[in-house]
Amino acid sequence: GYGASAIILTNLARVMFSHDWTVLQIFRFVALVYGPMIMLMGLLLSNPPGVRTDQTVDFRRRTLLSDRRFWAMFLAMFAGTLPGLVVNGNLRPIGQAFGFSEMIALQAITMFAIGSATGRVLGGYAQDLFGGRRALILALGLIGLSILSLIGAGLSGHGWLPAALFVGFCYGGGFGVYPAQIVDLYGPRVLGTIYALVMLGHGLAGQVGPFLAGLSKDHTGSFVPGLIGVCAIALTGLAAFAWLTRSRPAIKHVPTDEALVS
């Protein structure tokens, strides 16, 4: 749904722009349509049958920040999503800078969204097949490889759309792994709490990545150095995650509900 909505809204916005809509008018339209829809769908949410909601917590919240498992997930989220955010926010100008037509550059946005939607599904299968740690290491490695493929496609002038699809696939695939890995580490009862904190890495990546890529473009006149930089960040994140998770610390089970309010 996340990836497919990007396809729909991108094309809808293109039509609106052609009819002289402004950016703020489009945002108002999105708010008026999406807001009520989200609230109505939220009313339909419930726990699936068989899921316990009285499970105790495997950690005390005040000690979470000293848990290297948490920081491993935070760094993985930052390093794994930063390349995708840089490409997602700049795919059109990056494509045009490499000499592709505006039509191809716009089509690449749709391909990125298709890849993101597909990756989110298959990322869950990777988690089941390889286990959380291996799946996350694979996701971090692939997002770095996808950026290199994008650079290669841009410099060669061939394969731009498949490369954009590949980047989107790797970016979305990670989101099929992060929450599942948190459940493996801490249990389903606190997924909402911990995943919200881990997602701060995604927000930080959204601030840092596009800024650094734009700064690199301003100083060098090319997106290539910035793309190489975000690839290096992804691979550094891979190494950091692998080191922090080299051996899993023992989980201290809390026998009562005291940890829920700790």
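I began with the largest cavity, and found its lining to be made up of G80, T81, A139, L140, I143, C170, Y171, G174 and Y178. Looking up which elements give two or more residues to that lining, I noted α3 (68–97), α5 (132–156) and α6 (160–174). I keep in mind that I am reading a predicted model.

I then checked the volume of this largest cavity, which comes to about 40 Å³, and I recorded that the structure holds one cavity of 30 Å³ or more. Sorted by class, the lining has six nonpolar and three polar residues, and no charged residue is found there.

Next I turned to the largest nonpolar core, which has 54 residues, and I wrote down W160 and L227 as those with the most contacts inside it. The elements that each supply at least two residues of this core are α3, α4 (102–130), α5, α6, α7 (178–186), α8 (191–198), α9 (200–220) and α10 (224–244), and the one that gives the most is α3, with 14 residues.

My last entry concerns D67, which I located in the loop between α2 (23–42) and α3. Is D67 buried or exposed? I put D67 down as buried, because its relative accessible area of 13% falls under the 20% cut-off. I also noted that the side chains of D67 and R69 are joined by a polar contact of 2.7 Å.

Definitions and conventions
Residues numbered from 1 in each chain as written. Predicted model: local features only at pLDDT ≥ 70, side-chain atom pairs only at ≥ 80, totals over all residues. Heavy atoms only, no water. 1 Å grid on protein atoms, 1.4 Å probe; cavity = no way out; pocket = protein on both sides within 12 Å on 5 of 7 lines; lining within 4 Å. Points joined across faces, edges and corners; volume = space filled by probe spheres on them. Helix = DSSP H or I, 4+ residues; strand = E, 2+ residues; numbered from the N terminus. Nonpolar A, V, L, I, M, F, W, Y, C, P; charged D, E, K, R; others polar. Buried < 20%, exposed > 50% of the residue type's maximum accessible area, 1.4 Å probe, protein only. Polar contact = N/O pair within 3.5 Å; in protein donor to acceptor, adjacent residues only side chain to side chain. Core = buried A, V, L, I, M, F, W, Y, C linked by side-chain atoms within 4.5 Å.
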